2 protein chains.
Amino acid sequence: MNRIITVSREFGSGGREFGKRLAEQYVEQLVEKKPVIAFPIHIGRSFYPPANPVLEQTKSVVLEQQRIIKELAEKSDCVIVGRCADYILREYDPFRFFVYADMESKLKRCHRKAPGDEHLTDKELKRKIALIDKNRAAYYDFWTGGKWGLKLNYDLCINTTHTAIKEIAAALSKMF
Amino acid sequence: MNRIITVSREFGSGGREFGKRLAEQYVEQLVEKKPVIAFPIHIGRSFYPPANPVLEQTKSVVLEQQRIIKELAEKSDCVIVGRCADYILREYDPFRFFVYADMESKLKRCHRKAPGDEHLTDKELKRKIALIDKNRAAYYDFWTGGKWGLKLNYDLCINTTHTAIKEIAAALSKMF
């Protein structure tokens, strides 16, 4: 069975960067061990659920998404960020990360990564972050019947407030 | 400043084993890098708080314990399991682990590690585990004003339900 790694994350916590770095490290390691390897490792792109998951997302769209995610998991080892992949791929025995951070550190990261034409105050950005996470939680809880962010639902929860993503991704890639 | 690692843990989750293995791996790594090293790495022993932290533990005992823990932190790099060390050593910028697992896996581990003369049923053991963790939480919350087990209070939370402690300790030791 392919090695499946899922990354759930709070908005602004660096979960996507973690997933990307983990995948890169993992590939590097595999290449060292066995030079011929079935590429590619897939890294899912960020996914922003709609404000109201019930009204704005039809079941058929969700099912199609699930189908694609399962197809990726069948094809090769993969790191998938977001998209309830931890739940969708539960039969594949994924290693499930949850990435989070305190609000101050998420504000800093979001300001740093903001598009040039976005000029939000701390207060506005804080509201945006809270809203996106509220929607992620609602989306996850609605489609999975689980509880987004509850630590028992994950194998490893990483607080990026004081931890360098680069270093922790490098260390953890040795596990897979 | 010395490298301080603290491990908080649910009873039966393997937190002490994790701390021990992490310290061993860490020492091994340091010895490889620089053959002469200031031993020892200290590993705190398990600590069972009393049933009622307010009545049964005087402040002077707690202060003495804090003094000892700070002394360890001043002396050398250390891994300390339990004892609110994450809070007591907060000025030393510790890396804070929380180790947890689901109840079924904690039951299994406790049965396996039980002294030969202990024959608890699953129900009794479950009650014991729940009580010890309730006391740990009460003790922590009382002395620190914080919230035991809340993931934002830790840098890395490890669920040992499906994860081999040996492997994760080996991987994470590379980070320090």
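The two copies meet through the same surface, because 100% of the interface residues of chain A are also interface residues in chain B. This is a predicted model. Chain A can be laid on chain B with an RMSD of 0.0 Å, by a turn of 180 degrees and a shift of 0.0 Å along the axis. The copies are thus related as by a two-fold rotation axis.

**Interface between chains A and B**

- On chain A, 23 residues are in contact with 23 residues of chain B.
- About 1900 Å² is buried between chain A and chain B. Carbon and sulfur atoms give 63% of that area.
- How many salt bridges are counted between chain A and chain B? The count is zero.

**Helix packing in chain A**

- Helix α5 (residues 103–113) of chain A packs on helix α6 (residues 122–144) of chain A at an angle of about 105 degrees. Their axes are 10 Å apart.
- An angle of 65 to 115 degrees counts as roughly perpendicular, and that makes α5(A) roughly perpendicular to α6(A).
- From α5(A), the residues in this contact are M103(A), K106(A), L107(A), C110(A) and H111(A). They meet D122(A), L125(A), K126(A), I129(A) and D133(A) in α6(A).
- The residues of the contact of α5(A) with α6(A) divide into five nonpolar, one polar and four charged.

**Helix packing in chain B**

- In chain B, helix α5 (residues 103–113) and helix α6 (residues 122–144) pack at about 105 degrees, with axes 10 Å apart.
- α5(B) and α6(B) are therefore roughly perpendicular to each other.
- α5(B) contributes M103(B), K106(B), L107(B), C110(B) and H111(B) to the contact. α6(B) contributes D122(B), L125(B), K126(B), I129(B) and D133(B).
- By class, the residues of the contact of α5(B) with α6(B) are five nonpolar, one polar and four charged.

**Salt bridges**

- Over all chains, a search of the whole structure finds 20 salt bridges.
- One salt bridge joins the side chains of E10(A) and K106(A), at 2.7 Å from N to O.
- Where do the two partners lie? E10(A) is in the loop between β1 (4–9) and α1 (15–33) of chain A, and K106(A) is in helix α5 of chain A. The pair therefore ties together parts that are 96 residues apart in sequence.
- K106(A) is also among the α5(A) residues that meet α6(A).

Methods. Residues numbered from 1 in each chain as written. Chains lettered and ligands numbered in written order. Predicted model: local features only at pLDDT ≥ 70, side-chain atom pairs only at ≥ 80, totals over all residues. Heavy atoms only, no water. Least-squares fit on C-alpha atoms with pLDDT ≥ 70 in both. Contact = heavy atoms within 4.5 Å. Axes fitted to C-alpha atoms, helices over the stretch in contact; angles between N-to-C directions. Helix = DSSP H or I, 4+ residues; strand = E, 2+ residues; numbered from the N terminus. Parallel < 35°, antiparallel > 145°, perpendicular 65-115°, else oblique. Nonpolar A, V, L, I, M, F, W, Y, C, P; charged D, E, K, R; others polar. Buried area = accessible area lost by both parts, 1.4 Å probe. Salt bridge = Lys/Arg side-chain N within 4 Å of Asp/Glu carboxyl O.
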